[in-house]
Amino acid sequence: MGKLLEIYNLSKSFGGVRAVRDVSLSMDSNQIISIIGPNGAGKTTIFNLISGVYKPDAGRILFMGKDIVGKPQHEIARMGVSRTFQNIRLFKGLTVLENVMTALDAYSNYSLFSAMLGLPHKRQIDKTNMLRALEALQIVGLSKYRDEHPTDLPYGLQRRVELARAIVSQPKLLMLDEPAAGLNPSELAAFIGLIAELKQRFGFGILIIEHRMQVVNELSEHIYVLNFGNLLTHGKPQEVCNDPEVIKAYIGEDSSSVTNQKSLCQL
Amino acid sequence: MNFSYYLQLLIGGVSNGAMYAIIAVGWALIFSILKFSNFAHGGTMVCSAYLGLLATRIIGANLWLTLAVAALCGGLINILVELISFHRLRKSSKQVLLFFVSSITMGMLLQNLVTLRFSGLFYSYPNFFKQRFFRIGNISFDISNFMMLAIAAVILGILILVLQKTRFGMAVRALSVDPRTTSLMGVNVDLVVLATFFIAGALAGVAGVFVGIRTILSPQIGSMYTVKGFMVAVIGGLGSLNGALFASLILGLVETAFSVILGTSLAPVGTFFFVLIFLFLRPQGLAGVFAMEKA
Amino acid sequence: MSATYLSYLYSFLIDNVLILMIGMLGVYVLTGLTGMFSMGQAAFMAVGGYAAAMLSKYLHMPLLVTMPAAVLTGTLFGFLIGLPAVKLRRDYVAIVSLGFSEALVAFLNNTASITGGALGLTAVPKYTTRPMIIVIFVLMILFIWNLKNSRFGRECIAIKSDELAAASMGIDVARVKLLVFTLAGAISALGGCLYVHTTTYLDSAAFGWTQSSMWIVMVFFGGVNSLTGSVFAGIVLGLIPEIFRFSDALRIVIYCITVLFIVNFRPQGLFGETELDRKTIKRIALAVGRFFKRVFAPSQAQEAEQG
């Protein structure tokens, strides 16, 4: 079986800033991969390149063997790439349930006229979608908030609405941009459990950007480390977090004395 | 149809553009600090044009006094515009729709206050110039065109100097880049915004007098020139002063050209297609740079 | 209030307010749902109105022909203007539609021999009856209500709220926008057709951008996402000035002051995002019931609350 996602020599600059330089990466289905690195290392830019927000200056991105560079965002999404955002981007004006349903709407194929007339097959499709959306909400544990507006929910729950919205269409690749930011330790444990469960259940590939090493270490099978747009190293969690280069990038030049051989694995 | 005819047209177009420039620069100033267009601009313009007209009627003001009165009134009206339709919104909301509704309503309000007082009749300014034309060789030139061009050039020159050399100008430029940091640096943002509105309003007042000299005054010129100001601002690249200046010149010339080719009544059709094609070719405007959306 | 006065108000409500509100429904779809400004939406009403007027006045076509023709013309123009508009940035949609409406008015004035221009086109056949207008109006609201509660409605609101996130959900943003633009053109053109067959008179000045921005104001005034709110606002803003018999200019002045108050002190609009649907009515009824209980039987209510 071919790879789920292959990236070769990806580069992107904004003005004079080279946000991503010559990055290559690959992952299989049913695998959790993490991208870590300090702020401004180009992690989110990689997500934006994959999902088609930006066009790369150079490099290739293959999704299930097909080149997706230059395709518009919505086409890439419909191929089975879904994502969450670093600074939550839920739709204001829609309820939690409607937010999740929106991710299915692009796939429903009733016409404007059946929508305006409320024809039976429109209602049938909408009903099926609603049930799927409710199921996704149940998975993330938000069933009872279905009719709330997302802006009324606390931050942690908003993150979960975004997660439900991202998984409801059963994508092949799920990209999570700092999904654990702002969670307290008990929420964090629950969240890690949830991601592991999702992978078990749906078998999609998950690409995570994260700062918190606990998430990265417990979940991912492979870690890519970015620094200033460059790929610093990649490997299994144990290898990566004991790598002195990585520790230096993360904690700073003089860190060896302070942390005293402590690896990132215990952070 | 000879050389002198085209020369007159050219001068007419340039002076037309100068008038737009006065409107558009005020527009761009406010856009650059608010990041949203003030659609009440035409309302301010028409109000101060009528107040200038009153000055000529009541105290028999000459051109300079009329300009001063209109500029002052425009500035003061625009301060009211800021306080009423922008002040609270700036603090509480970032929703574009609200700024739009608020400023457009303010513009309608101003325009209809004029209608209430002057009941929609047509008025015109007295003739400020003793002669309408002067001749060089056998070509005659319209004096008002030249005067407007000269006045516009002087005013815009002063404005650019103020923006580049004074502390106030620095504050405005800082505000247009980053309002939060500017306020953290100890600049009184509200004051700078008010002052900017005053300046833009004064420019609108001057433009109002120009419109009054060029054509007959009616309350509808408020909405008409709001539309034109918006077009120029978009062509120039929203928020850019230099862009607005060039765009004004281009639109002034294009409009004059179309009114010759298509006739005055069909000129807006030509202008519309021109704007449309322009935006298609260069959607960011003459000077504008798109801010990259961050995901 | 005498019966004649009431019946006058009724006819005014239908002939002047409801008809213009059909045009407003186009703005609701465009601005309220999708967040695009059409500062020239009234031009689409003009397009429909003139199409219907020409066909009926010169070719003596019946309503069964003029109405579909008007809607079709509106659809066509909506599509043509939408095509460039949706590819451009959001604020440019406003200018493209605005330019279109200015250009159209200029064009109409220039073809005065056929269209009547600023002087107006008179003696257009009157085809509409009041019950008919009410039926069409209610049907349109029903259609748009259904639309709002379908995938299109959700996609529109998603696009309004966050285009980038909407695209990453697989929504083809440009396509949905174009669809909405076309639909709005068709709806407003339908309004124009009914307008001209009711008033039997049409002039270019009625379709300037003041009318267009009035619609935006109504949509906003009612609450941006709320269809029932927009309809409510349209009726109130349309009827109140007539009840108090203000002059046109004074009427607009009072409009403007009201709107400015709302913008500043209730920026989400009268209804906010709430629809006046069964659930809300029930909630209001309960609240009113509680209120009356407290007023008329305060001791009992207190006991009930304490118990």
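Is C:Leu276 buried, partly exposed or exposed? I read C:Leu276 as partly exposed, since its relative accessible area is 38%, where buried means under 20% relative accessible area, exposed over 50% and partly exposed in between, with a 1.4 Å probe and protein chains only.

Before going on I note that this is a predicted model, in which local features need pLDDT of at least 70 and side-chain atom pairs count only at pLDDT 80 or more, while totals for chains, interfaces and linings use all residues. Residues are numbered from 1 along each chain as its sequence is written, chains are lettered from A and ligands numbered from 1 in the order in which they are written, and side-chain values use heavy atoms, with hydrogens and water left out.

Chain C. I placed C:Leu276 in the loop between helix H12 (248-265) and helix H13 (278-296) of chain C; helices (H or I, at least four residues) and strands (E, at least two) are DSSP runs, numbered from the N terminus. C:Leu276 belongs to a nonpolar surface patch whose members include C:Ile281, C:Phe292 and C:Phe296, with about 770 Å² of accessible area together. I then looked up the domain assignment, which gives domain 1 (3-276) and domain 2 (280-307) for chain C, and the centres of these two domains, taken over C-alpha atoms, are separated by 41 Å.

Chain A. I turned to strand S8 (residues 205-209) of chain A, where 5 of the 5 residues are buried, so the strand is largely enclosed by the rest of the structure. A:Gly205, A:Leu207 and A:Ile209 point one way from S8(A), whereas A:Ile206 and A:Ile208 point the other way. Strand S3 (residues 32-36) of chain A runs parallel to S8(A) and is joined to it by 4 bridges, with A:Ile208 as the bridge partner of A:Ser34; two strands pair if DSSP finds at least two bridges between them. Strand S7 (residues 173-177) of chain A is also parallel to S8(A), through 5 bridges, and A:Met175 stands opposite A:Leu207.

How many disulfides does the structure hold over all chains? I found 0, a disulfide being a pair of cysteine sulfur atoms within 2.5 Å. The sulfur of B:Cys47 has its closest cysteine sulfur in B:Cys73, and because 9.3 Å lies between them they are too far apart for a bond. I also noted that B:Cys47 is buried, with a relative accessible area of 12%.

Technical notes
Domain bounds come from an automatic or database domain assignment. Patches are made of residues with over 30% relative accessible area and no salt bridge: like charges are joined within 9 Å, nonpolar side chains (Val, Leu, Ile, Met, Phe, Trp, Tyr) within 5 Å. Accessible areas come from the Shrake-Rupley method with a 1.4 Å probe; for residues, only the protein chains shown count as cover. A salt bridge is a side-chain nitrogen of Lys or Arg within 4 Å of a carboxyl oxygen of Asp or Glu.
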